[in-house]
Amino acid sequence: MGGYQNTIGTSSTLSAIVSGDSNNIGNFADRAVITGGLNNTIQNQADESFIGAGNDNNIEVSGNNSAIIAGQLNDIVGADFAFVGTGTNNDIASGADKSAIVGGNVNKINGGISGFIGSGNNNIITAGNSNAILIVTGK
């Protein structure tokens, strides 16, 4: 394992930072993993969460079983079982459990459970359960 200035907080049992620079896993974030990138953070008590790579991605307090695969400036704010695939400035808010943003830029799921944004830019789901935004393109 390598990296530079990576930190794992107190009592984060079985957590790991594989590589990268200035990545952080907070306190009591059990079985959390960051594989690489720059300035990525899994905050306190975000158990079993994962950040693959990218920079300035953040899984906030109690975002259990959530994942950000890559990209930059993506945030999961306390939502459980949430997923951001890649892109820039995508956000899943607290309480938007089981929601996913696959890709794109500046997409937001601000409420409801099981929201889904496939791709695109500046898409917002504000409330309700099982809402979806699908961007279909092709020839």
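Author: Helices (H or I, at least four residues) and strands (E, at least two) are DSSP runs, numbered from the N terminus. This is a predicted model, where local features need pLDDT of at least 70, side-chain atom pairs count only at pLDDT 80 or more, and totals for chains, interfaces and linings use all residues. Residues are numbered from 1 along each chain as its sequence is written, and side-chain values use heavy atoms, with hydrogens and water left out.

Reader: How many helices and strands does the protein have by that definition?

Author: The protein has zero helices and 16 strands.

Reader: What makes two strands a pair, and what is the order in the sheet that holds β2?

Author: Two strands pair if DSSP finds at least two bridges between them. On that basis eight strands form an open sheet in the order β2-β4-β6-β8-β10-β12-β14-β16, and the pairing is parallel. Within this sheet, β10 (residues 83-84) and β12 (residues 100-101) are joined by two bridges, and Phe83 has Ala100 in β12 as its bridge partner.

Reader: What is the order in the sheet that holds β1, and which strands of that sheet are joined by bridges to β5?

Author: The order is β1-β3-β5-β7-β9-β11-β13-β15, an open sheet of eight strands with parallel pairing. Its edge strands are β1 (7-8) and β15 (124-125), each pairing on one side only. Strand β7 (residues 58-59) is joined to β5 by two bridges and runs parallel to it; Thr41 stands opposite Asn58 in β7.

Reader: Why is Gln45 called partly exposed?

Author: Buried means under 20% relative accessible area, exposed over 50%, and partly exposed in between (1.4 Å probe, protein chains only). Gln45 has 42% relative accessibility, so it counts as partly exposed. Gln45 sits in the loop between β5 and β6. Its phi is positive, about 60°, although Gln45 is not a glycine.

Reader: What is Asp47 in contact with, leaving aside its neighbours within four places in sequence?

Author: Contact means heavy atoms within 4.5 Å. By that cut-off Asp47 is in contact with Phe28, Ala29, Asp30, Gly63, Asn64 and Asn65. Asp47 is in the loop between β5 (41-42) and β6 (50-51), and at 22% relative accessibility it counts as partly exposed.

Reader: How do you know that the radius of gyration agrees with a compact globule?

Author: The radius is taken over C-alpha atoms, and the globule rule is 2.2 Å times the number of residues to the power 0.38. For 139 residues a compact globule would have a radius near 14 Å, and the protein has 15 Å, which agrees. The C-alpha trace spans about 45 × 30 × 15 Å along its principal axes.

Reader: What share of the residues is buried?

Author: Buried residues make up 40% of the 139 residues.
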